[in-house]
Amino acid sequence: MMDTGIDVPECLNLVFFKKVRSRTKFWQMIGRGTRLCPDLECVDSRNGEYKGKKYFLIFDYCGNFEYFRQHINFIGEGETRTLSELIFIRRIQIIKNLQQADYAEERYQTWRNSLVNICHKQIIDLNPALFKVKLHLRYVEKYKNKKAFYALSECDFGELVKEIAPLVSDMERDELAKRFDNFMYGLMLAQMEGLSGFKKAKKRLIHTAGKLKEKISIDAVRENLSLIQWVESPGFWDGTDILDFEKVRVELRNLIQFIEFRYKPIVVTGLTDTIISEKEGQTLEPETYESYKEKVDHYFLQHVDDVPAVRKLVHNEPLTAKDYKDLENIFTKELGSKEDYSYYFPDQPFGLTVRQIAKMDKKAAEQAFSQFINDNSLNEKQIAFVRKVINYISVNGYMNDTDIFEAPFDKPNDVFSIFSQDDMDSLLRVINGINEKATTYNSKS
């Protein structure tokens with residue numbers, strides 16, 4: 001159950017009681033046990049009493065280790081989308097469809113805004129400290145700005161589906177209600193886009209209404225009887241508006257739990273807690289990733305503090321010749337080749353690539369601009385602009401000197417309208433100085 005997105009440092013035992021066929025996911029699951037826990041008090045026959053996790057145990061009941069030893073080059077099956085992910089994607093599809101002229105009326109746009117609010121909140125609730133979120137942080141930050149939803153392009157839709165949807169979750173406990181949401185959103189999309197699956201979805205909804213009619217002894221069902229009967233009537237389907245389907249979804253979703261679904265036999269198992277085999281001192285295979293870029297992302301996110309060059313880049317400290325050489329070795333020897341680097345990061349200095357992945361410490365960014373702020377009597381608008389620059393650099397690792405003339409720095413006040421030429425030149429010198437610490441080094445050190 002603890003595969004990805006969960007961090008429990010106290011975990012000392014991992015039990016694999018299911019088959020895993022994705023190598024990346026397999027190592028992510030093992031990673032649940034590798035989290036250090038310095039304050040954990042432990043005791044065992046080997047070490048007696050001690051503090052801090054020295055090792056963890058893996059109980060592999062389904063032969064996953066053996067499988068990956070036999071299938072060294074196996075990439076793995078495609079991941080199955082979660083129910084939360086499917087619902088998020090369908091909401092985004094509806095949001096995009098509601099941009100069309102056919103839905104210009106205020107009632108449709110009010111519904112669109114409510115869907116945007118739901119999806120936007122799911123993105124706001126993402127924890128940037130989680131590894132899987134860090135890998136997609138650029139997209140998360142983009143769509144944390146609700147303005148990004150004002151007019152979704154095909155590119156925006158693709159980013160939300162590929163980069164954001166796998167990260168989202170919700171707190172809904174009623175699984176059947178969620179399944180009904182997913183079904184109803186699919187029915188709505190089928191109607192909006194004229195898909196052939198609409199007829200099948202129509203039969204299923206009528207069947208669901210018929211099953212609910214058999215439960216009128218339940219107060220909640222009886223209170224919605226008129227709506228249930230309306231869904232069964234031909235009149236409902238003759239001139240159904242998309243908002244009628246939304247009303248059905250909202251009113252009936254909590255009633256689905258009362259429908260008797262096809263009986264599934266209970267399977268009783270009797271498991272004995274016995275140790276079949278035990279192995280110690282066997283070295284695990286090194287973690288492998290499917291591409292050079294994934295290896296690079298993983299390495300620099302995991303070594304922010306223990307590699308001097310990376311730590312200096314994150315904290316905006318000057319590099320030495322040795323630091324630059326270390327970075328070159330990491331990129332072109334340890335993780336791949338010069339050709340790999342040129343393919344994924346063409347014409348980009350090593351330091352900027354590290355900054356792009358590991359980001360920049362916000363306090364370090366603030367420190368870089370402190371003298372500029374202190375030496376100039378900045379007004380409220382100017383301070384707000386500088387703060388926006390600091391936030392941008394801390395999230396993206398660096399910025400080009402032309403970025404301050406483009407979005408998001410062009411609104412509500414662009415740089416020309418609030419700074420004099422001298423102040424703007426001073427601001428650009430600070431930005432270029434931050435970049436220079438990532439792209440140059442002291443050849444004498």
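Leaving aside neighbours within four places in sequence, which residues is His136 in contact with? The first close-up takes that up, and the other views follow. This is a predicted model, so local features need pLDDT of at least 70 and side-chain atom pairs count only at pLDDT 80 or more, while totals for chains, interfaces and linings use all residues. Residues are numbered from 1 along each chain as its sequence is written, and side-chain values use heavy atoms, with hydrogens and water left out.

**View 1. His136 in its loop.** Here's the reply to the opening question: His136 is in contact with Glu163 and Leu167, where contact means heavy atoms within 4.5 Å. His136 sits in the loop between α5 (131-134) and α6. Helices here are DSSP runs of H or I with at least four residues, strands are runs of E with at least two, and both are numbered from the N terminus. Along the sequence, His136 and Leu167 are 31 residues apart, yet C-alpha to C-alpha they are 8.9 Å apart in space. With 22% relative accessibility, His136 counts as partly exposed; buried means under 20% relative accessible area, exposed means over 50%, and partly exposed is in between (1.4 Å probe, protein chains only).

**View 2. Glu159 and its partner Lys142.** Look for the salt bridge between Glu159 and Lys142, whose closest N and O atoms are 2.9 Å apart. The pair links distant parts of the chain, 17 residues apart: Glu159 belongs to helix α7 (residues 154-164) and Lys142 to helix α6 (residues 137-144). A salt bridge, by the way, is a side-chain nitrogen of Lys or Arg within 4 Å of a carboxyl oxygen of Asp or Glu, and by this rule the count comes to 19 salt bridges. Glu159 is buried at 15% relative accessibility, whereas Lys142 is partly exposed at 36%. Not counting residues up to four places away in sequence, Glu159 touches Tyr139, Lys142, Tyr143 and Ile164.

View 3. Glu175 and Arg179 pair up here, at 3.8 Å from N to O. Both lie in helix α8 (residues 175-193), four residues apart, which is about one turn of the helix. Glu175 is partly exposed at 38% relative accessibility, and Arg179 is partly exposed too, at 47%.

**View 4. Helices α14 and α18 crossing.** Two packed helices are described by the angle between their axes and the distance between the axes. For helix α14 (residues 292-302) and helix α18 (residues 350-358), the axes come within 9 Å and cross at roughly 75 degrees. Axes are lines fitted to C-alpha atoms, for helices over the stretch in contact, with angles from 0 to 180 degrees between N-to-C directions. That makes α14 and α18 roughly perpendicular to each other, since angles of 65 to 115 degrees get that label, under 35 is roughly parallel, over 145 is roughly antiparallel and the rest are oblique. Where they meet, Val296, Asp297, Phe300 and Leu301 in α14 face Val354, Ile357 and Ala358 in α18.
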